[in-house]
Structures are given as structure tokens and as C-alpha cells.
Amino acid sequence: MKTQFYTFNQNNSGGSFDYSEHSGITHYVIIEAQDLEHAVKRAEDIGLYFHGVVSGQDCECCGDRWYEPWSDEGTDEPRVYDKHPSEYERSRFFKKEEKEIAVHYLDGRIEWHC
């Protein structure tokens, strides 16, 4: 079985980001999965949600907090804007003790970057 990696991007709806070290939720959540449908299911299982404005969870003026990947096609290795997470430069929006990228492997491991 060949797996791919799918990147979920979090918008700071309401002026803040959701962060959970326990669940592996941060600015970019990358999920290894069999296909996009499987990746979305795994994302929802850890606490990501979609269409938050419609459901009333997110700020209407800021938009939805979570976005599904831009493409049905995953990548062979974890990527954020065509860079491996180890090459990504930390943004100014996160505290030093908070990591900005979490990679969720199929075997249950979570690898943190930045």
C-alpha cells in the first residue's frame, strides 16, 4: 500500500491559532494517508474541522479555521509550500515553546518541526 502526505493549513480565525501538543494540532498539520478521503477522516479524528463559519465555530469575518488540501494528490514526503518541514522557517505568530508543523504518520507517531 502506497501512502501520501496531505497538508492541512490553519487560518487564525478570531485572531488566534488552535494548538494542542497532545493531539498534534498546530498551524500546519500533515497527515500520512492512503488517499485524500482517508486523510480528511484522520484529520477529523484528531480534532480538525471544516466549514467552521457555516457551523458557527469560526469568525465570519476571518473565515474558516481549517482548509482541506488544495489538491487530491498528496506528496511522497511531508511538505509545506513545497518545502520539507525541516526547511520551513518559523513564523512570528507562534510562541517559542510551540511548534508550527506536526506530521502525523500512519503508524501513530507525531513528528514536530519549527
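Contact here means heavy atoms within 4.5 Å. This is a predicted model, where local features need pLDDT of at least 70, side-chain atom pairs count only at pLDDT 80 or more, and totals for chains, interfaces and linings use all residues. Residues are numbered from 1 along each chain as its sequence is written, and side-chain values use heavy atoms, with hydrogens and water left out.

**View 1. His-113 and what it touches.** His-113 sits in strand E5, residues 110-113; helices (H or I, at least four residues) and strands (E, at least two) are DSSP runs, numbered from the N terminus. Leaving out residues up to four places away in sequence, His-113 touches His-84, Pro-85, Ser-86, Lys-99, Glu-100, Ile-101 and Val-103. Its side chain also makes a polar contact of 2.9 Å with the side chain of Glu-111. For that term, take a pair of N or O atoms within 3.5 Å; within protein, one must be able to donate a hydrogen and the other to accept it, and residues adjacent in sequence count only if both atoms are side-chain atoms. His-113 counts as buried because its relative accessible area is 12%. The cut-offs are under 20% relative accessible area for buried, over 50% for exposed, and partly exposed in between (1.4 Å probe, protein chains only).

**View 2. The largest nonpolar core.** A nonpolar core is a set of buried Ala, Val, Leu, Ile, Met, Phe, Trp, Tyr and Cys residues joined through side-chain atoms within 4.5 Å. Within the largest one, which has 14 residues, Phe-8, Leu-48, Phe-50 and Trp-66 touch the most other members. Strand E1 (4-10), strand E2 (28-33) and helix H1 (36-46) are the elements that give two or more residues to this core. H1 gives the most, with four residues. Zoom in on Phe-50 and you'll find Phe-8, Val-40, Ala-43, Glu-44, Trp-66, Tyr-67 and Glu-68 touching it, not counting residues up to four places away in sequence. There is also a second, separate core of eight residues, with Tyr-28, Ile-30, Val-80 and Tyr-88 among them. As background, nonpolar side chains tend to be buried together in soluble globular proteins.

**View 3. The largest pocket.** Its volume is about 360 Å³. On a 1 Å grid over the protein atoms alone, a pocket is an open set of points with protein on both sides within 12 Å along at least five of seven lines, where a 1.4 Å probe fits, and lining residues have an atom within 4 Å of a point. Grid points are joined across faces, edges and corners, and the volume is the space filled by probe spheres set on the points. There are 17 lining residues, and Thr-7, Trp-70, Arg-79, Val-80 and Tyr-81 are the closest to the pocket's centre. E1 supplies the largest share of the lining, four residues. By class, the lining has eight nonpolar, five polar and four charged residues. Here Ala, Val, Leu, Ile, Met, Phe, Trp, Tyr, Cys and Pro count as nonpolar, Asp, Glu, Lys and Arg as charged, and the others, Gly among them, as polar.

**View 4. Two non-glycine residues with positive phi.** Tyr-81 has a phi of about 50 degrees, positive although it is not a glycine. You'll find Tyr-81 in the loop between strand E3 (66-67) and strand E4 (101-104), and it counts as exposed because its relative accessibility is 59%. His-51 has a positive phi of about 65 degrees, and it isn't a glycine either. His-51 lies in the loop between H1 and helix H2 (52-55) and is exposed, at 52% relative accessible area.

**View 5. Thr-3 and Thr-26, two buried threonines.** Thr-3 belongs to the segment before E1 and is buried, with 15% relative accessibility. Its side chain makes a 2.7 Å polar contact with the side chain of Glu-32. Beyond its neighbours within four places in sequence, Thr-3 is in contact with Glu-32, Ala-33 and Leu-106. Thr-26 is in the loop between E1 and E2, and its relative accessible area of 0% makes it buried. A polar atom of the Thr-26 side chain lies 2.5 Å from the backbone oxygen of Lys-99.

**View 6. Ser-55 and Arg-90.** Ser-55 is in helix H2 and is partly exposed, at 47% relative accessibility. Arg-90 is in the loop between E3 and E4; it is partly exposed too, with a relative accessible area of 31%.
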